[in-house]
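Try each task before reading its solution.

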Amino acid sequence: MLSIIRQHSHKAFFVFTAAFWVTSVLVVQFYAELSTNRITQEEQQNLRREAALIRSKIESAIYEDVYIAGSLATVLRVSTSTVTDNWDSVASDLIQKSTHIRNIGIAPDNVISHVYPLEGNEAAIGLDFRSAPEQYAAVMKAKESGDVYLDGPIELVQGGQALIARYPIFLDYPINQKYWGSTSIVLNFADILQESNIRDLKNANFAIQRTTVSGAVDVFLGTEEVFESPDELLPVFLPNNQWLIAVKSTAGLSDLAKLERNITQFFGYTGALILYISVFLLYRAYQLAHKASLKDELTHLPNRRYLFNQLEQRMRPSKRNTGFALLNIDLNEFKQINDQFGHEAGDALLKHIAQLTNNILKGTDFIARVGGDEFLIVLDSSYTELAANERAKALKQHIENRPLHWKGSVITPSISIGLVVYYPDIPTTQEELLHTADHNMYKQKEAHKNNSQIPHYPQGHII
């Protein structure tokens, strides 16, 4: 019976263990994911900050030179001859003040007449914008808006790729009816990108798109795939134009995020293991304490407390309760054994009786030692008086025919058995049942005292 209780207890703890570790895994993984997401979000925020800084650098670099070059357009509106007559000095002064201006050109009636510096740009002299449709469209857009228009990046006739700020020149500014031509400021696109540090973005792809003069959307840096699911989109505001920067992370989980996840999992599972071990030790201590509280220390049989608990369960109303027999066993003349052979022999005899009885019990039958030399047996398999009497006789014969050999002596036990049968349909209490069994046992014991003769042998004692 104790083994059945232990099995149920073990099953309950197994269920607890499974539930504990499933819950622990879910909780640890949740917090690991939480910490990983936190790091990932911080990295995405850093990426956004870097992208915003790149956008700012591109805008400031372009505007700085565009507005410096705007002074040339102002002078041309006042006096075109002043500029053309002093072209090298005027243009040289502008380039020295700027950072990214590659060359400067003026185009009266949209035909380039002056370029500075001339060296390396000779091919541009005489270019009629009307023969270059894309550039001509940009010149016309500047003319229509009456203000500077940033075009590009475009491939230059003289080679290379650049941004071109085109200024329309009206001799009747701000009425803007007398169109003279235009001035173009060529900005080194590669230098602007390099100073923006856009190519230094780590673990990220980037791309820039623009809307051309014709209205078409063109990705001129990077690939279109970056725009499909970007982590960040930033508009770049330019003179009468706008670009769009897309940034997309390529790293997945960074090393820092992986480290954070591993640390969280390590401490989470370590904490869970420590907690589980603590619970297990408490459970084990409870098991041992509970087991000790229900077991007789000498015979290792169930004790009085266990017996009472089992009787209470068996006497509860239940469809499965078919009754049981209760045997009260007491050793005859046990005091003489202790007096003649010592208490050690008496203890050995009690353990001998316990083992003999356990060997012939069936199913859920069990024996408990309730004190001294008294035992109580519950026979679930015998719930009629006839069957119980047969079992009691067999038990008495089984015990008394198997003496204990003790240090060269033979101790043959004799027992008295009081029997009572519990019927579920006959109202009774636990106290009444125990009292009846005890009373019947004492009747047997008195009968034994009146009829027994106790011979003494040099090598043994018979009760």
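At 66% relative accessibility, Leu-386 counts as exposed, where exposed means over 50% relative accessible area, buried under 20% and partly exposed in between (1.4 Å probe, protein chains only). This is a predicted model, in which local features need pLDDT of at least 70 and side-chain atom pairs count only at pLDDT 80 or more, while totals for chains, interfaces and linings use all residues. Residues are numbered from 1 along each chain as its sequence is written, and side-chain values use heavy atoms, with hydrogens and water left out.

**Exercise 1. Find the helix that holds Leu-386.**

Solution. Leu-386 belongs to helix H10, residues 385-400. Helices (H or I, at least four residues) and strands (E, at least two) are DSSP runs, numbered from the N terminus.

**Exercise 2. Work out the strand order of the open sheet formed by four strands.**

Solution. Step one: the order is E11-E12-E10-E15, with antiparallel pairing; two strands pair if DSSP finds at least two bridges between them. Step two: look at the edges, where strand E11 (366-371) and strand E15 (415-422) each have a single partner strand, so one side of each is left without a neighbour in the sheet. Step three: go inside the sheet, where six bridges join E10 (residues 324-331) to E12 (residues 374-379). Ala-325 stands opposite Leu-379 in E12.

**Exercise 3. Identify the residues that touch the most other members of the largest nonpolar core.**

Solution. A nonpolar core is a set of buried Ala, Val, Leu, Ile, Met, Phe, Trp, Tyr and Cys residues joined through side-chain atoms within 4.5 Å. The largest one has 43 residues, and Ile-62, Ile-185 and Trp-243 touch the most other members. Helix H1 (residues 2-78) gives the largest share of this core, eleven residues. A second, separate core of 30 residues includes Phe-334, Ile-367, Ala-388 and Ile-415.
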